[in-house]
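Please look over the chain shown here before turning to the briefing that follows. The points are grouped by topic, and each can be checked against the coordinates.

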Amino acid sequence: MSRSESLERADRAWWKEAVVYQIYPRSFNDSDGDGVGDIPGIVEKVDYLEWLGVDVIWLCPVYDSPNRDNGYDIRDYRSIQDAFGTMADWEELLEALHARGMRLIMDLVVNHTSSEHEWFRRSRRGEGKYEGYYHWKEGHPAADADYETADGPADEVAPNNWDSIFGGPAWSYDEERGQWYLHIFDAHQPDLNWRNPDVRADVKGEIEWWLEKGIDGFRMDAIDLLSKTEGLPDGDPDDALVGSEHYSHGPRLREYLRELYDDVLSNYDAMTVGEMGMASVEEAADSIGADGDGLDMVFQFDHMNVDAGENGPWGRAEPGDWELTELKELVSRKQRRLEWDALFLSNHDVPRLVSRFGDDDRYRAESATLIATFLLTMRGTPYIYQGDEIGMTNADFRRREEIDDPQTLGTIDDLLEAGAIDSYEDVREFVNYRSRDHARTPVQWNGASGAGFTDGEPWLKVNENRSRINVERALADEDSVWHYYRRLIELRDAEDVLVYGEYDLLLPEDEQLFAYTRTLEDERALIVLNWSAEPAVVDGLGVDADDPDALVGNYDDPPTAPEGSELRPYEAVVYRLR
């Protein structure tokens, strides 16, 4: 399949043809033995990333931070956290990546700052222009409220009934200012007031500062939460997350995003991907492209909620209960509606993909490589999260004390307070399926006690299966998950149809097979995935396939022709159709 010469140059973009690898620095590689991953540790592994074949590194926050939320609470946007190294270390990393033709994007966290940020310290003192940098409000008389707040003066409660995403109220009382401030996340992460033009001007200054240092773009954290309903009214008390209708995709969000694009981002060849955890597909679509709000792509989460219960992700009676037909419907809807998709099934905020969407026991390698095939052959930019390339799995958190994630801890505490559970043991199964900490256990470089991640005591427990699942073993085995990822990346690099081809779903009602074609002019590829632990017969594809060519498969001997073949458990095959 030759490269398409007639593909319009205007349709091409480096970020469309790229494969992104996400690094959570705290858990990637520790160079100095203090148990925390760092930037010099990433520099040590740049050759490894080049061997894998990825094009862009997404670096989770390394800014100066008190670390209440593992770096997503930024104290100084222009400094590096001591635990991660120095600005000189960061500059060495950028230079090493650029020297190898790779690019670097940074996390942009501007819905909130740390409560230790200079802006917040000056705002709580009411200093000049900073007085209105955050959402400050008087409390509500306790006698008139139908909700309670443990914080604050005895005769008042929070200004409204909104919930924090991390559990508890979305408001905290500040003794110094004598008012309440809004925090959609942790109490140490106060929300910036984006209605204030001085806030927007300062944020644009931080963005431009990093772009001038040579970075290649941003992953924009919680970007759908910037705009809140004017007046901050009460939310529906029956919602799973009270108040979310007033702080997700608010009335001025598109204005704010467009302003960032017009004033700063459009001046650089920068990649932007916005995290919109509560956005609909339609809202995400409006945010993409020069005719929308200027984002290149959006992390839209409908497909990631396929296993969520009626009351949110913790409401499912049986962990892992989801239907392939529903996943196909959700994914296909995004493929049809979004100008360009961000392809992901994992990141630092969700469990390990092979434990969630595959079989991390008997068919770990097979299901891990099937999921890789899916991610790297859909229309959009694929994102690989660190450790997925070796098929890392969820850990077993036996005790509450082993948990670090404030979101998981907040949920556990809410359930205990509500009397829904009596102890951690009652929710342990859900934690071991759902917690964000699974993605944050250290990368397993080898089978040593510290998994080759550190010579010291790791900040978070190392998965006990490190002796069986690690990079050292994967690199030595040509049939490993790692080598399959590398072959898939090479295939995607060689085939325009797998990047730019139109997507068409086949067999939408099949409960085992996920099959689709990618078509670019006279080039056509067929991808067939048996997303199940049972054999599946391929029947009724309805695709003309004269002498199909199996380009790659996750078993040694893929069927030479798709129609009528029997695929083995979690078998994945990519065909060229002539």
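This is a predicted model: local features need pLDDT of at least 70, side-chain atom pairs count only at pLDDT 80 or more; totals for chains, interfaces and linings use all residues.

**Briefing on helix packing, overall form and selected loop residues**

**Helix H6 against helix H8**

- The crossing in which H6 passes H8 is right-handed.
- From H6, the residues Arg-200, Lys-204 and Ile-207 take part in the contact, and they meet Tyr-256, Glu-259, Leu-260 and Asp-263 of H8.
- Sorted by class, this contact between H6 and H8 holds 4 charged and 3 nonpolar residues, with no polar ones.

**Helix H12 against helix H16**

- The axes of helix H12 (residues 364–377) and helix H16 (residues 481–494) cross at roughly 15° and come within 10 Å.
- H12 and H16 are therefore roughly parallel to each other, since angles under 35 degrees count as such.
- H12 passes H16, too, in a right-handed crossing.
- On the H12 side the contact is formed by Arg-364, Ala-365, Ala-368, Thr-369, Ala-372, Thr-373 and Leu-376, while on the H16 side it is formed by Val-481, Tyr-484, Tyr-485, Leu-488, Ile-489 and Arg-492.
- By class, the contact of H12 with H16 comprises 9 nonpolar residues, together with 2 polar and 2 charged ones.

**The chain as a whole**

- The secondary structure of the chain amounts to 17 helices and 22 strands.
- With a radius of gyration of 24 Å, close to the 25 Å that the globule rule gives for 578 residues, the chain is as compact as a globular protein of that length.
- The C-alpha trace spans about 75 × 55 × 45 Å along the principal axes of the chain.
- Of the 578 residues in the chain, 60% are buried.
- When contacts between residues at least 6 apart in sequence are considered, 69% of them join residues at least 24 apart.

**Buried residues in loops**

- His-117 sits in the loop that runs between strand S5 (103–108) and helix H5 (118–124), and it is buried, with a relative accessible area of 6%.
- Leaving aside residues up to four places away in sequence, His-117 touches Ile-74, Arg-75, Asp-76, Tyr-77 and Tyr-134.
- Pro-442 belongs to the loop between helix H14 (428–434) and helix H15 (471–476), where its relative accessible area of 0% makes it a buried residue.
- Although Pro-442 and Lys-461 are 19 residues apart along the chain, their C-alpha atoms are separated by 7.5 Å.
- Lys-461 is also one of the residues that Pro-442 touches, the others being Ser-27, Met-392, Phe-453, Pro-458, Leu-460 and Val-462, when residues up to four places away in sequence are not counted.

- Leu-507 is a residue other than glycine with a positive phi, near 50°, and its place is in the loop between strand S16 (502–506) and strand S17 (513–520).
- The relative accessibility of Leu-507 is 16%, so this residue counts as buried.
- Tyr-570, likewise not a glycine, has a positive phi near 55° and is found in the loop between strand S21 (566–567) and strand S22 (572–577).
- The relative accessibility of Tyr-570 is 8%, and this residue therefore counts as buried.

- Glu-323 lies in the loop between strand S13 (297–300) and helix H10 (324–337), and at 43% relative accessibility it counts as partly exposed.
- Pro-237, in the loop between strand S11 (217–220) and helix H7 (244–247), is exposed, with a relative accessible area of 58%.
- Pro-237 touches Asn-161 and Val-242, when residues up to four places away in sequence are left out.
- From C-alpha to C-alpha, Pro-237 and Val-109 are 28 Å apart in space, and in sequence they are 128 residues apart.

Terms used
Residues are numbered from 1 along each chain as its sequence is written. Side-chain values use heavy atoms; hydrogens and water are left out. Axes are lines fitted to C-alpha atoms, for helices over the stretch in contact, and angles run from 0 to 180 degrees between N-to-C directions. Helices (H or I, at least four residues) and strands (E, at least two) are DSSP runs, numbered from the N terminus. Angles under 35 degrees count as roughly parallel, over 145 as roughly antiparallel, 65 to 115 as roughly perpendicular and the rest as oblique. A crossing is left-handed if the near helix is turned anticlockwise from the far one by less than a right angle, and right-handed if clockwise. Contact means heavy atoms within 4.5 Å. Ala, Val, Leu, Ile, Met, Phe, Trp, Tyr, Cys and Pro count as nonpolar, Asp, Glu, Lys and Arg as charged, and the others, Gly among them, as polar. The radius of gyration is taken over C-alpha atoms; the globule rule is 2.2 Å times the number of residues to the power 0.38. Buried means under 20% relative accessible area, exposed over 50%, partly exposed in between (1.4 Å probe, protein chains only).
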